[in-house]
Amino acid sequence: MLVPLEHVIALSAVIFGIGVVGAVTRRNLIVILMSIELMLNAVNLALVGFSRAWANPVGQVFVLMVITVAAAEVAVGLGIVLSLFRNRDSVDIEEVSLLKW
Amino acid sequence: MVDTAAGVAETSLLRWIPFLPLAAAAVHGVFLGLMRRPLPRRGTIFLSCGAVFASFLISLFAFAELLSPEGPRVRVDNLYTWIGAGKFSAEASFLLDPISAVMILVVTFVGFLIHVYSIGYMDDDHRDDTGFPRFFCYLNLFTFSMLMLVLGDNLLVMFLGWEGVGLCSYLLIGFWYSERWNAYCGMKAFVVTRIGDVGFLVGIFVLFWALADVGRPTVAFREIAAAFPQIADRVVTLPAWLGGAEWKLATLVGLCFFAGACGKSAQIPLYVWLPDAMAGPTPVSALIHAATMVTAGVYMVCRLSFLYAAAPGASAVIAWTGAITALFAATIAITQTDIKKVLAYSTVSQLGYMFLAAGCGGYAAALFHLATHAFFKALLFLGAGAVILAMHHEQDTDKMGGLARAIPRTRWAFLMGVIAICGLPPFSGFFSKDDVLLAAFGAHSIPGNRWLYGIGVATALLTSLYMFRLYFRTFHGATRIAPENFRRVHEPAETVRYPLYVLAVFAVLAGFAGLPQVYGDWLGIPDSNSLAHFLAPVLAGGLHEVGVSHGEELRLALLALGAAATGLFVAWWLYLRDPELPGRFMQAFHGVWRLLHEKYFVDQIYDTLIVRPTVWVADRVLFRSIDAGLIDGVAVNGTARAVQGLAARGFKYAHSGLTQSYLFLMILGTVAIVGWLLR
Amino acid sequence: MASHLLSIVTFLPLAGGLALLLLDAVLGLFSLGRLSEGFWRWLTLVFTGLTFALSLGLWTGFDATRTDFQFVERFPWLPDYGVSYFVGIDGVSLLLLVMTTFLMPLVILSSWEDIRRGERTYLFFMLGLETGMLGAFVSLNLFQFYVFWEVMLIPMYFIIGIWGGPRRIYAAVKFFLYTMAGSLLMLVALLVVYYQHFLQFGALNLDLVQGPGSTAPALFDTVIPVAGQAVWWKTQTWLFVAFALAFAVKVPLFPFHTWLPDAHVEAPTAGSVVLASVLLKMGTYGFIRLALPLFPSASVAFAPLIFGLALMGILYAALVAMVQADMKKLVAYSSVAHLGFVMMGMFAFDIEGVEGSVLQMVNHGFSTGALFLLVGMIYERRHTRLIKDFGGIAKPMPVYAALFLVVGLSSMGLPMLNGFVGEFLILLGTYHVAPWVAVAGTFGVVLAAAYMLWMLRRVMFGPVDNPENRGLIDLGLREKFVVVAVLVPIFWIGIYPDFFLRRLDASVTEVLRRVETANARMVLPRGRESAGHNVTGAGPLLSPVALELGSPR
């Protein structure tokens with residue numbers, strides 16, 4: 001037992017928090033995508049930590065799934081960003097608000 | 001005293017009395033509605049007059065059967081169960097007993113004469129909404145309804161006839177419908193009588209449920225009469241907001257039915273439709289508003305005599321209402337100039353007499369006056385119609401005068417009617433009016449009955465006054481017609497005159513059917529009052545012997561005669577001897593004259609106090625303010641607008657389109673849920 | 001085939017519509033053109049006529065002495081949830097069903113030349129509407145009933161919204177949303193009833209009565225709780241209010257009536273006729289079929305309120321009808337007045353009143369249906385319904401005027417015509433339990449005469465002022481046929497109502513018996529104490545005497 005569980009969870013929480021703040025606050029779409037990745041990875045970290053603490057491999061299996069999903073999501077997301085940039089010459093999220101009242 | 005159990009015979013004859021006219025009306029209806037060509041004139045006459053004549057013959061036959069001493073006193077014709085639900089059951093069945101026998105004879109006989117008269121009267125009508133067949137269709141329908149009314153075995157069949165005659169009078173008053181005024185008068189008649197009908201219906205409800213309470217739910221007359229003693233003493237407590245008084249149930253029911261009678265028989269306060277009903281053709285006025293329909297109320301009171309005998313309060317109200325109406329209408333009649341209007345108010349007045357008698361317990365007297373009135377009033381109206389025809393549709397007596405020379409036969413017939421209505425012996429009106437006054441004189445259970453008698457006598461004076469006024473102004477004195485028009489005045493056709501002659505005969509002689517015993521003793525005839533004897537078994541109080549001696553009776557008769565003679569004399573003086581005098585009276589008492597001439601402004605009062613406010617409230621308050629404004633505007637559309645406003649001014653702004661704020665709200669929500677779950 | 005007669009009668013119209021649609025599509029597929037509109041019209045007439053003929057089989061096969069439902073068919077639909085296809089009729093639904101099937105062919109006939117565009121769609125909607133209405137009348141499963149109830153709204157919405165007058169969109173949306181709002185309340189209440197049944201019997205069942213092939217206890221046997229201090233905390237009260245609101249909008253009961261004038265005025269003639277004749281009866285039918293048996297205590301407790309609202313309907317609506325400028329709106333308000341009578345009779349809870357109420361439902365269908373047909377005929381000629389545009393119509397159109405008069409007389413309750421029998425029984429029954437309400441209601445007949453005759457006078461009589469009215473053509477053969485056809489039941493019910501009342505006796509007695517026996521603790525309505533009539537109205541509300549079957553006929 002090298003690293004106590006509490007430390008892993010704390011780190012995971014902090015990274016998740018940074019991700020949330022980044023997704024809500026930053027205006028650049030690419031940064032938002034990166035923040036979302038941060039959140040996903042923070043969850044991965046927590047999963048691995050719990051898996052090691054309770055010697056249950058299911059957690060680590062699930063991490064593999066999350067990584068796959070994250071990769072697919074990043075691919076689609078970057079595709080949207082690219083399309084958006086080609087049409088509007090900007091990746092500012094404040095300009096993507098056509099669905100307003 | 002009411003013949004219920006003994007001597008009831010079933011028969012299938014009675015149904016034809018109303019059904020023959022109905023069949024004739026139906027044939028007319030088919031021809032008018034479906035066929036391309038209407039019935040030819042002869043066909044119409046044969047069909048309609050024939051149907052009523054056939055009804056008359058059957059009525060005679062049925063009457064004769066009733067007269068036979070061994071035969072049953074009551075005949076019933078039961079068709080089927082008309083309405084039945086729960087405890088309530090009303091049969092479609094007819095009853096022939098002395099009262100209805102008298103009524104059907106009067107209705108079919110006078111009806112037949114008027115049908116014949118109409119052949120001539122409606123013939124020269126060249127207005128473009130005429131309909132010779134249409135008129136006879138309505139007349140037949142009316143005859144049917146009236147016969148249903150008087151032959152009905154129960155309250156519901158009577159009500160069917162009651163409303164039916166209301167409908168037919170609506171159709172007939174507004175017969176020449178392309179005049180707005182005629183249509184208005186027809187509508188007025190129907191609506192005003194319907195107000196009375198509310199009372200009739202409520203009376204049925206109260207009576208039925210009271211009888212149901214003692215285990216005898218029924219609306220049939222004979223059964224009600226049999227079961228009535230069980231509820232005769234019931235008392236009803238009015239609710240607190242009406243005073244909390246205690247009334248006899250019989251009184252309540254009696255008043256409810258009398259309200260209906262006030263409408264149909266034009267008593268105060270629902271008489272206002274009758275004068276305006278003169279807008280219809282004169283045969284209509286004769287049939288409906290003199291001889292038959294308006295007498296429905298009197299018939300009803302007499303049919304329910306057992307009820308009114310047990311309800312002194314209601315009887316008093318009836319007597320007083322009748323008396324006041326009689327006087328009231330007579331005062332108006334002395335100032336009217338239209339022939340038909342005078343006769344209309346005269347009808348209201350004479351109906352008052354009938355109710356006076358009925359209220360005082362003299363049911364036979366009421367029916368006697370009903371029958372004689374049918375004859376002489378129909379005669380007067382038909383005579384007036386003949387005058388109108390002769391004058392080429394002029395009705396204003398201001399434009400008449402001296403017609404005795406031009407139309408002598410009409411004049412003599414009319415005179416017979418005038419003498420009869422004034423109660424001069426030995427014409428019929430004398431005997432029937434005396435019977436009425438006698439009943440009032442001897443009705444000690446009615447408070448103030450001597451006053452009633454006095455009012456009756458005063459009315460007799462006024463009756464004589466206005467009738468002879470009418471007669472003199474029309475037929476005698478200097479003529480007010482232009483000479484060239486006078487030459488065109490001629491006697492009407494035979495079909496118009498012959499009914500007049502027949503009616504005149506009856507107006508003169510019918511009185512002898514009910515000859516009071518005091519004269520019968522003179523002439524040596526025992527039981528001379530055949531009518532009263534005939535009716536006695538089915539009326540409350542039987543023969544209704546008023547406790548006055550023969551001498552007293554003669555003195556009273558002389559008093560009434562004196563009043564009538566006084567009226568005649570005054571009319572002679574004012575309209576023949578000194579024609580300037582009326583004019584001077586009018587100037588001197590202009591206010592009073594105007595009040596009477598304008599009929600006490602009752603129509604205007606009703607209009608201002610009831611009709612206009614109702615329409616105004618219905619329009620401004622109920623429709624615009626409440627329905628369109630409040631319920632629809634505020635509640636329904638208002639809710640819609642509120643929801644729309646809420647969405648437009650509130651919820652809309654949650655859709656900012658900014659992804660990050662959506663994300664933020666999502667995270668807030670998740671935190672909240674997780675926090676609540678982990679609490 | 002005989003054992004499935006009821007289902008056949010119910011679904012034949014829709015099946016016909018679908019068959020026509022299919023035929024059209026198939027023909028279109030092979031580029032053979034489309035079925036002509038005339039073909040659609042005739043075939044629709046055939047289908048609706050056939051439905052009527054078959055429903056006569058139901059009429060003759062109905063046994064008037066049985067108190068249970070007849071022609072019953074049951075087929076499990078979602079057995080795990082207690083939902084089944086369950087149909088059957090008793091006297092009440094029989095009368096309403098035959099009235100509907102009788103009127104539909106006449107409605108189709110009346111709109112023969114009325115519809116200018118989209119006639120096939122219109123006819124399809126009419127057929128679907130008929131099935132919806134018939135389905136609601138025969139459903140004995142609550143879920144099924146709700147489905148049919150909602151299904152009726154859709155074709156009606158389209159009929160008003162597409163083929164209606166100038167403000168048709170507003171009227172259609174108002175009609176739809178207003179009715180649906182009530183129905184949603186009913187849905188919630190339905191779920192609560194469902195749950196209550198489950199709590200008491202441990203089974204999920206929405207059958208109203210026990211049907212063949214089912215052993216689950218009926219929904220009507222559920223006892224909805226009445227425990228609680230004040231009336232407002234009883235479950236039954238809330239449930240009754242929810243159901244009542246849904247039905248009250250449909251009836252329409254004052255003050256939920258304001259959708260009716262708009263819907264009627266804007267709907268095409270045939271739509272108005274169907275709306276007035278049948279759809280309005282859904283509300284009253286819902287009361288007698290569902291609200292009364294399911295919530296007997298609450299029904300009795302709410303009777304004074306219903307009396308008050310019904311009375312408002314009778315008097316207020318009649319007064320408002322008097323001052324209308326549009327003939328159709330006048331007739332619409334008169335409907336509110338007539339249905340006020342129906343509600344009044346129903347909540348009197350005695351045989352006379354309830355039988356009168358059901359009969360009056362049928363009467364109103366015929367009378368008001370005929371009135372709308374007649375108004376539609378004059379509209380077709382002059383394209384206006386304002387009374388001031390007319391006057392003296394009786395001269396160019398005497399047959400029309402005569403028929404209008406007869407139907408108007410039926411509407412105002414003239415004896416010998418149908419309206420009188422219903423109104424009389426209703427007032428008689430109401431008098432027994434609430435005398436003053438009945439007296440006030442009787443004044444309604446005066447008002448009915450006033451507004452109807454006043455309208456007739458302004459439209460039919462008087463001189464022909466407006467030159468446009470001089471050349472009006474009187475009714476043609478088709479139009480005469482339609483009106484005379486409706487006059488047949490009007491006279492029949494007026495002259496020989498026993499023929500119809502006889503079939504109601506057993507069913508009405510049964511409904512009242514349910515209300516009586518399920519009423520553990522009776523709450524006397526307020527109207528009784530204040531009546532002061534200690535003689536005629538005496539006795540408990542539902543005395544055993546009142547529930548006896550009438551004398552055998």
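**Figure 1. Overview of chain C in the predicted model.** Chain C has 18 helices and two strands. The model is a predicted one. Of the 553 residues in chain C, 67% count as buried. When contacts in chain C between residues at least 6 apart in sequence are considered, 78% of them join residues at least 24 apart.

Figure 2. Helix α8 of chain C spans residues 259–266 and includes H264(C). The helix is mostly covered, with eight of its eight residues buried. The buried residues of α8(C) are W259(C), L260(C), P261(C), D262(C), A263(C), H264(C), V265(C) and E266(C). H264(C) has a relative accessible area of 0% and is therefore buried, the limit being under 20%. Leaving aside residues up to four places away in sequence, H264(C) touches S272(C), L275(C), A276(C), K328(C), A332(C) and F372(C).

**Figure 3. The interface of chain C and chain B.** Two pairs of chains touch, and the most contacts are between chains B and C. This contact takes 72 residues from chain C and 61 residues from chain B. Together the two chains bury about 5,900 Å² between them, and 72% of that area is on carbon and sulfur atoms. Across the interface there are 18 residue pairs in polar contact, with both residues at pLDDT 80 or more. On the side of chain C that touches chain B, helix α15 of chain C (residues 435–460) supplies the largest share, 11 residues. The residues on this side of chain C divide into 45 nonpolar, 16 polar and 11 charged.

**Figure 4. Salt bridges between chain C and chain B.** The count between these two chains is two salt bridges. In one salt bridge, D632(B) pairs with K174(C), and the closest N and O atoms are 2.8 Å apart.

**Figure 5. The interface of chain B and chain A.** Chain B contributes 12 residues to this contact and chain A contributes 14 residues. The two chains bury about 1,000 Å² between them, with 65% of it on carbon and sulfur atoms. Between chain B and chain A the count is zero salt bridges, while three residue pairs are in polar contact, both residues being at pLDDT 80 or more. The side of chain B that touches chain A is made up of six nonpolar, five polar and one charged residue. Chain A and chain C are joined by no contact, and their closest C-alpha atoms lie 24 Å apart.

**Figure 6. The hairpin of strands β2 and β3 in chain B.** Strand β2 of chain B (residues 74–85) pairs with β3(B) in the antiparallel sense over nine bridges. G84(B) has S89(B), in β3(B), as its bridge partner. Two residues lie between the strands of the hairpin, where G86(B) takes a positive phi near 55°. Strand β3 of chain B (residues 88–96) is mostly covered, as seven of its nine residues are buried.

**Figure 7. Salt bridge between D97(B) and R303(B).** Over all chains the count comes to 27 salt bridges. In the one formed by D97(B) and R303(B), the closest N and O atoms are 2.7 Å apart. The pair links distant parts of the chain, 206 residues apart: D97(B) is in the loop between β3 and α3 (98–121) of chain B, and R303(B) is in helix α11 (residues 296–303) of chain B. Both D97(B) and R303(B) are buried.

**Figure 8. Salt bridge between D153(B) and R222(B).** The closest N and O atoms of this salt bridge are 3.6 Å apart. D153(B), in the loop between α4 (132–151) and α5 (155–173) of chain B, is 69 residues from R222(B), which lies in helix α7 (residues 221–231) of chain B. D153(B) is buried, with a relative accessible area of 5%, whereas R222(B) is partly exposed, with a relative accessible area of 23%.

**Figure 9. Salt bridge between E163(B) and R194(B).** The side chains of E163(B) and R194(B) meet in a salt bridge at 2.6 Å, N to O. The two residues are 31 residues apart, with E163(B) in helix α5 of chain B and R194(B) in helix α6 (residues 180–213) of chain B. E163(B) is buried, with a relative accessible area of 2%, and R194(B), at 2% relative accessibility, counts as buried.

Notes
Residues numbered from 1 in each chain as written. Chains lettered and ligands numbered in written order. Predicted model: local features only at pLDDT ≥ 70, side-chain atom pairs only at ≥ 80, totals over all residues. Heavy atoms only, no water. Contact = heavy atoms within 4.5 Å. Buried area = accessible area lost by both parts, 1.4 Å probe. Salt bridge = Lys/Arg side-chain N within 4 Å of Asp/Glu carboxyl O. Polar contact = N/O pair within 3.5 Å; in protein donor to acceptor, adjacent residues only side chain to side chain. Nonpolar A, V, L, I, M, F, W, Y, C, P; charged D, E, K, R; others polar. Buried < 20%, exposed > 50% of the residue type's maximum accessible area, 1.4 Å probe, protein only. Helix = DSSP H or I, 4+ residues; strand = E, 2+ residues; numbered from the N terminus. Pairing = 2+ DSSP bridges.
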